[in-house]
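Please look over the sequence and the fold shown here before reading on. The report then walks through one part of the fold.

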Amino acid sequence: MSSSSASNFATEALNPDGFLVLRPEGDGPEAPDDFLCEYANPAAQALLGDGLKDALFLATRRTWGGLRAAWGMTLATGLRSEQWLHWDTGSRVHTLRVRAARAREGRLYVWLTEQPRELHAPPGTMSGQAPCTKDTSHQRPGEESPRHASALFQAVMQGSTDAIYTKNLEGQYTRINAAGAQLMGLRVEEVVGRTDAELWPAEARANVAHDREVMAFRRTLTYEEAQSGQPGRVWLSTKGVLRDEQGRVFGLFGISRDITERKRMEEALHQNEARLQQALRAASVTLFDLRMPEGLLRWGPGAEGLLGQPSLPAEEPLTALLARLHPEDRMTVAARLASSTRPLVKLALDFRVVGARGEVRRLTLWGEAHAGDAREQRIIGVLVDMTQRPLAPPSGVAA
């Protein structure tokens, strides 16, 4: 197996269970003569010894010979097989759960799981020796075993409603959870082994650019990534690098959340706000929010035109507005606003302002006062330009 092909199993280097890639040797379709080992992860090498790669697997393991027929049937039928056996390493005996599945190009994937002492092999175990397991007496209280950590990772990955996946250095997906494949509209086996260019040709350039940035900076970054089609999808993707025990980068991981509905709601809100602002401008109306007792006034868009000013800050003191009022209206408006912070008081104030060029404008303020605690007293409403409208009978300040 080439180094490029071996990189497809780089994530298995972190698997605490043994993992093997075997190629059948011999002419018997249902019972090959032997199996050539093309890949063995570190856990398999620690359990079975070094020298596995490019060597015949069963030739030096007579106690494993009984698996030849079962593995041959797995290759012939595509049905997964599971056996239990005791493997004697000379210093101890290990009870193993051996699972096999047919892979691409007629190869066999084998997972070796060492069983804890409290679990016993079911009938049909391939050896009569007593089961034995790893000694975990040195494990600190509360410390998770590698197998427990792996099981926890699998539970989180498969239980998540977000897409969780890994890629190798060639950009091929090496793992993805069922939820992620479903969000893509595909099956897991349709995603694993393929690249973004194969899955999403239109969006591959942006996605690959994000992957390269993560690999270049060796940092975890977050992006928005769009997927075209009907309906188009938008993803919020967090990506980071994967490292082996020596700290070498062998791929990246990703967690992507479908935020399509959120983006649609945001776009709808933006459109509604734009229509509202257009309607307010057409009616010569603006919004205001007065916070008391701080006396801070926040204006909506278009307020500078109504007040006859070249520009206005987003927030200013109430005293700035009072200074622009006609001198005859200033004291009356100030007193009315100061006394209007009782709960649920509705206001209707008519007054005049003097613009920056000395012009006088007639305005009407409609609002409602809400009083909470002493720190939160607000008057919220609208300011309407009445200058070009017919003059109503004099009414002064109305409450």
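This is a predicted model: local features need pLDDT of at least 70, side-chain atom pairs count only at pLDDT 80 or more; totals for chains, interfaces and linings use all residues.

Residues are numbered from 1 along each chain as its sequence is written, and side-chain values use heavy atoms, with hydrogens and water left out.

An open sheet of 5 strands runs in the order 7-6-10-9-8 with antiparallel pairing, where strands are DSSP runs of E with at least two residues and helices are runs of H or I with at least four, and where two strands pair if DSSP finds at least two bridges between them. Strand 7 and strand 8 are the edge strands, each pairing on one side only, and the twist averages 30° from one strand to the next. Within the sheet, strand 6 pairs with strand 10 in the antiparallel sense over 6 bridges, and Thr-166 stands opposite Phe-253 in strand 10.

| Helix | Angle |
|---|---|
| Helix 8 (residues 204-217) | about 170° with strand 8 |
| Helix 9 (residues 260-282) | about 135° to strand 9 |

Helix 8 touches strand 6, strand 8, strand 9 and strand 10, contact meaning heavy atoms within 4.5 Å, whereas helix 9 lies across strand 8, strand 9 and strand 10.

Thr-195, in the loop between helix 6 and helix 7, is buried with a relative accessible area of 17%, buried meaning under 20% with a 1.4 Å probe and protein chains only. Not counting residues up to four places away in sequence, Thr-195 touches Glu-170, Gly-171, Gln-172 and Tyr-173.

Terms used
Axes are lines fitted to C-alpha atoms, for helices over the stretch in contact, and angles run from 0 to 180 degrees between N-to-C directions. Buried means under 20% relative accessible area, exposed over 50%, partly exposed in between (1.4 Å probe, protein chains only).
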